[in-house]
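Dear colleague,

Please find below the structure that I promised to pass on to you. My notes on its aromatic residues follow.

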Amino acid sequence: MSAPRAVAPVLDRIRVGSAPDSWGVWFPEDERQVPWQRFLDEVAQAGYEWIELGPYGYLPTDPAVLRDEIARRQLKVSAGTIFTSLHQGPAVWDKTWAHVSEVATLTRAMGAGHLVVIPSFWRDDKTAEEIEPRELTTEQWRHLTTGMERLGKRVRDEFGLDIVVHPHADTHIDTEEHVARFLDGTDADLVGLCLDTGHYAYCGGDSVKLLRTYGERIGYLHLKQVDPDILAGVVAKGTPFGPAVQQGVMCEPPLGVPALPPVLEAAQALDVDLFAIVEQDMYPCPPDQPFPIAERTRRFLRSCGA
């Protein structure tokens, strides 16, 4: 008599999607990236219902055009993405807000409710050159936290969107220590967190622990895994994030860490609706590589109950 098959939990508060990042898209325009039409066709064919906008300018920025393109494929938009350098203080506010306004206008027009906010890199994402110190000064931390609160309030007041800040490799919000410092220094009513499971693991963090400790701050998820063997070499050699991605440090689930079922179950236990957007950093990649990975990943997440 065979043992009964394990039944996946019902993760009915988790809304799974994907993003241009999973198709090797990091920039608005780049000859090594697939055309946006192909991304939209393939993300729908792979079984995803929700998408992010990706880098502003990759998808059409005319709301009427984009609305028609996503509707034809039965897709919906979960968020837009912005990059900020708010640790540099009030001098960068006007330039930051001009960019945020463009992205937020399109995001709202698509019916989405979130802006994913990524801090600027201290290391250039193309050349890997160190362009700033790795650690912020006390004054820069204050600029970062107060700037994010100001951004969260204005984005909500003017666009009705919530910001979720994305800890990211090679930025100043990366490790458990830095993430905790950022969360403890910001107003929970104004600033949420986008937990990217791959970036957090890349920087030594425990996603399940973060969900259990700061669950009320988690407003959004990016699902991603790292290859622990490649990561060990990256850490040992101090390899920058861009070259590490080209080495395959971000890998297809369920081949890496962290294990996603415990993460999804911890997120479900928060009892709030959460987007869980699949991202597998692999810029640049062959154009035929993303689609089969996306299909397999969607099947895997369904087997987890999501």
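**Aromatic contacts**

Trp-23 has a relative accessible area of 0%, so this residue is buried (under 20% relative accessible area, where exposed is over 50% and partly exposed lies in between, with a 1.4 Å probe and protein chains only). Please bear in mind that this is a predicted model, in which local features need pLDDT of at least 70 and side-chain atom pairs count only at pLDDT 80 or more, while totals for chains, interfaces and linings use all residues. Residues are numbered from 1 along each chain as its sequence is written, and side-chain values use heavy atoms, with hydrogens and water left out.

Phe-39 is likewise buried, at 0% relative accessibility. Across the whole structure, the search gives 11 aromatic pairs (rings of Phe, Tyr and Trp, the last by its six-membered ring, with centres within 6.5 Å; planes under 30 degrees apart count as stacked, over 60 as edge-to-face and the rest as tilted). One of them joins Trp-23 and Phe-39, whose ring centres are 5.3 Å apart with planes at 80°, so this pair is edge-to-face.

The rings of Trp-93 and Trp-97, with centres 6.0 Å apart and planes at 10°, are stacked, and both residues are buried. The charged end of Arg-150 sits over the ring of Trp-93, 3.9 Å from its centre (a charge counts if NZ of Lys or CZ of Arg is within 6 Å of the ring centre and within 35 degrees of the ring normal). Arg-15 is placed over the face of Phe-275, at 4.1 Å from the ring centre.

Best regards
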